[in-house]
Amino acid sequence: MTTFDHGGLIQTINESLGPFRKSQSEAMQGFGQLAKAAMAEGAMTAKNKELIALAIGITQHCSGCIGFHVKALRKLGCTREE
């Protein structure tokens, strides 16, 4: 089994988005608000929403999505078994 450096990919994506964040700050703020609202606790926990988002990233073979959602799940205290 090969491993993939999702942490390095996340850093690269964040660095690449820097100029876009500056030139399109309103759009990026709107996206941030949308993402925050989508992941807010409600009928489902934030952890369950992130697990679903991770599953979608995996099915779409999106390494960036996988990295970002794994990072979020770690912050939420998700275990490897979950």
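A residue counts as buried when its relative accessible area is under 20%, as exposed when that area is over 50%, and as partly exposed in between. Keep these cut-offs at hand during the tour. The model on screen is a predicted one.

**The whole chain**

Start with everything selected. The protein has 82 residues, and 17% of them count as buried. Its C-alpha atoms fill a box of roughly 40 × 35 × 20 Å along the principal axes. The accessible surface comes to about 6300 Å², and carbon and sulfur atoms account for 60% of it.

Now colour by secondary structure. There are 4 helices and 0 strands, and the order from the N terminus is α-α-α-α. Consider the contacts between residues at least 6 apart in sequence: 50% of them join residues at least 24 apart.

**Helix H4**

Select residues 63-75, which are helix H4. H4 has 13 residues, and the distance from its first C-alpha to its last is 19 Å, close to the 18 Å expected at 1.5 Å a residue.

Which residues of H4 are buried? They are Gly64, Ile66, Gly67, His69, Ala72 and Leu73. An α-helix has 3.6 residues a turn, so residues three or four places apart point the same way. Show the other helices as well: the buried residues of H4 pack against helix H1 (6-23), helix H2 (25-39) and H3.

Next, pick His69, which lies in H4. Is His69 buried or exposed? His69 counts as buried because its relative accessibility is 18%, and the cut-off for buried is under 20%. Leaving aside neighbours within four places in sequence, His69 is in contact with Met39, Glu50, Ala53 and Leu54.

Move to Phe68, also placed in helix H4. Its relative accessibility is 30%, so Phe68 counts as partly exposed. With neighbours within four places in sequence set aside, Phe68 is in contact with Ile10, Ile13 and Asn14. For a distance to check in the viewer, take the C-alpha atoms of Phe68 and Phe20: they are 18 Å apart, and the two residues are separated by 48 residues along the chain.

Go to the loop between H3 and H4 and select His61. The phi of His61 is near 55°, which is a positive value in a residue other than glycine. His61 is exposed, as its relative accessible area is 71%.

Then select Leu76, in the segment after H4. Leu76 counts as partly exposed because its relative accessibility is 38%. What is Leu76 in contact with, leaving aside neighbours within four places in sequence? Ala46, Lys47 and Glu50 are its contacts. The C-alpha atoms of Leu76 and Ala46 are separated by 8.0 Å, although these residues are 30 residues apart along the chain.

**The salt bridge**

How many salt bridges does a search of the whole structure find? The search finds 1. To see it, select Glu82 and Lys47, whose closest N and O atoms are 3.3 Å apart. Lys47 is in helix H3 (residues 46-59) and Glu82 is in the segment after H4, so the pair ties together parts that are 35 residues apart in sequence. Glu82 counts as partly exposed, because its relative accessibility is 46%.

**A nonpolar patch**

Switch to a surface view and select Met44, Ile52 and Ile56. Together these residues make a nonpolar surface patch of about 260 Å². Ile52 lies in helix H3 and counts as partly exposed, because its relative accessibility is 45%.

**The cysteines**

A disulfide is a covalent bond between the sulfur atoms of two cysteines. How many disulfides does a search of the whole structure find? The search finds 0. Cys78 is in no disulfide, and the nearest cysteine sulfur, which belongs to Cys65, is 17 Å away. A disulfide would need the two sulfur atoms within 2.5 Å. Cys78 is buried, because its relative accessible area is 17%. Cys65 counts as partly exposed, because its relative accessibility is 31%.

Definitions and conventions. Residues numbered from 1 in each chain as written. Predicted model: local features only at pLDDT ≥ 70, side-chain atom pairs only at ≥ 80, totals over all residues. Heavy atoms only, no water. Buried < 20%, exposed > 50% of the residue type's maximum accessible area, 1.4 Å probe, protein only. Salt bridge = Lys/Arg side-chain N within 4 Å of Asp/Glu carboxyl O. Helix = DSSP H or I, 4+ residues; strand = E, 2+ residues; numbered from the N terminus. Patch = residues over 30% accessible without salt bridge, like charges linked within 9 Å, V, L, I, M, F, W, Y side chains within 5 Å. Areas by Shrake-Rupley, 256 points an atom, 1.4 Å probe, with all protein chains shown as cover. Expected span 1.5 Å × (residues − 1). Contact = heavy atoms within 4.5 Å.
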